[in-house]
Amino acid sequence: MAKGLIFLGAPGSGKGTQAVGLADTLAIPHISTGDMLRQAIADGTGLGNQAKGYMDRGELVPDQLILGLIEERLGHKDAKAGWILDGFPRNVNQAIFLDELLVNIGHRTHWVINLKVPDEVIVERLLARGRADDNEATIRNRLLVYTEQTAPLMAYYQEQGKLYSLDGNQPVEAIAASLEKLVKP
Ligand code: ADP
């Protein structure tokens, strides 16, 4: 059965780790817009060049750079069986776009997973990770952008009855076990 999952959760919440693991378990693609953008930067594509400044500042990349990318990716054959979206949608406009796209291609979102982690734990984790955009100023801005633009999606999906929140401040295996229980009835 096709399964559509979205991982919300702040930067550093561990959503990437869990999304990769669960995609593997369910044998469906893990689709991370952050990974796609970092790949575009590494490849020196036009998209990468346009996205880099925003990412370095911890801002969202403009929607028009992201929406077509998602539409194309969800149209791939391997996404027919389901998908896990990690890092998309990130604002209400992207969520509305996704809902419309899914109606058009006959898919739906089954669960939206929110991993809850206290801010101070997040800053600690991101500083330890050391990615190009993991310096303190950028991290603070990403958390602000998350609170202002992405956190409102929780209410959006709560209203659709799809939101599932869990404590992200526990061992990776414990979170993975809760997730598997949820999606493998
Ligand atoms: P994190 O989980 O630490 O926030 P991501 O890899 O998801 O890391 O995202 C890194 C950066 O990529 C974001 O700060 C943003 O600039 C850009 N980005 C990723 N996904 C999106 C998106 N859906 N819309 C706009 N910008 C995005």
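Helices α2 and α3 pack at an angle of about 115°, and their axes lie 8 Å apart. Helix α3 spans residues 46–57, and α2 spans residues 33–43. Helices here are DSSP runs of H or I with at least four residues, strands are runs of E with at least two, and numbering starts from the N terminus. Axes are lines fitted to C-alpha atoms, for helices over the stretch in contact, and angles run from 0 to 180 degrees between N-to-C directions. The model is predicted: local features need pLDDT of at least 70, side-chain atom pairs count only at pLDDT 80 or more, and totals for chains, interfaces and linings use all residues. Residues are numbered from 1 along each chain as its sequence is written, and side-chain values use heavy atoms, with hydrogens and water left out.

The crossing of α2 and α3 is left-handed (the near helix is turned anticlockwise from the far one by less than a right angle; clockwise would be right-handed). On the α2 side, the contact is made by G34, L37, R38, A40 and I41. On the α3 side, L47, G48, A51, K52 and M55 take part. Contact means heavy atoms within 4.5 Å. The residues of this contact divide into 6 nonpolar, 2 polar and 2 charged. In this scheme Ala, Val, Leu, Ile, Met, Phe, Trp, Tyr, Cys and Pro count as nonpolar, Asp, Glu, Lys and Arg as charged, and the others, Gly among them, as polar.

Within α3, residues G48, A51 and M55 are buried. Buried means under 20% relative accessible area, exposed over 50%, and partly exposed in between, with a 1.4 Å probe and protein chains only. Seen down the axis of α3, the buried residues fall within an arc of 75°, so they line one face of the helix. The arc is that of the directions from the helix axis to the C-beta atoms. These buried residues pack against α2, α4 (63–74) and α7 (136–150). Helix α3 is followed by G58, whose phi is positive, near 80°.

T138 lies in helix α7. Its relative accessibility is 5%, so T138 counts as buried. T138 touches M55, D56, R57, G58 and D133, with residues up to four places away in sequence not counted.

The sheet is open and holds 5 strands in the order β2-β3-β1-β4-β5, with parallel pairing. Two strands pair if DSSP finds at least two bridges between them. Strands β2 (30–32) and β5 (163–167) stand at the edges, each with a single partner strand, so one side of each is left without a neighbour in the sheet. The twist averages 20° from one strand to the next.

Strand β1 (residues 3–7) pairs with β3 (residues 82–86) in the parallel sense over 5 bridges. G4 stands opposite W83 in β3. The bridge partner of L5 in β3 is I84. I84 is also the bridge partner of H30. Strands β2 and β3 pair in the parallel sense over 3 bridges.

Strand β3 is mostly covered, with 5 of its 5 residues buried. G82, I84 and D86 point one way from the strand, and W83 and L85 point the other way.

Helix α2 touches β2 and β3, and its direction makes about 65° with that of β2. Helix α9 (residues 172–183) touches β1, β4 (111–116) and β5, and its direction makes about 155° with that of β5.

Most residues other than glycine have a negative phi, and most peptide bonds are trans. The peptide bond from F88 to P89 is cis, with omega near -5°. P89 lies in the loop between β3 and α5 (92–105). A27 is a residue other than glycine with a positive phi, near 55°. A27 sits in the loop between α1 (15–26) and β2. A27 is exposed, with a relative accessible area of 65%.

E72 lies in helix α4. At 53% relative accessibility, E72 counts as exposed. E72 and V117 are 45 residues apart in sequence and 32 Å apart in space, C-alpha to C-alpha.
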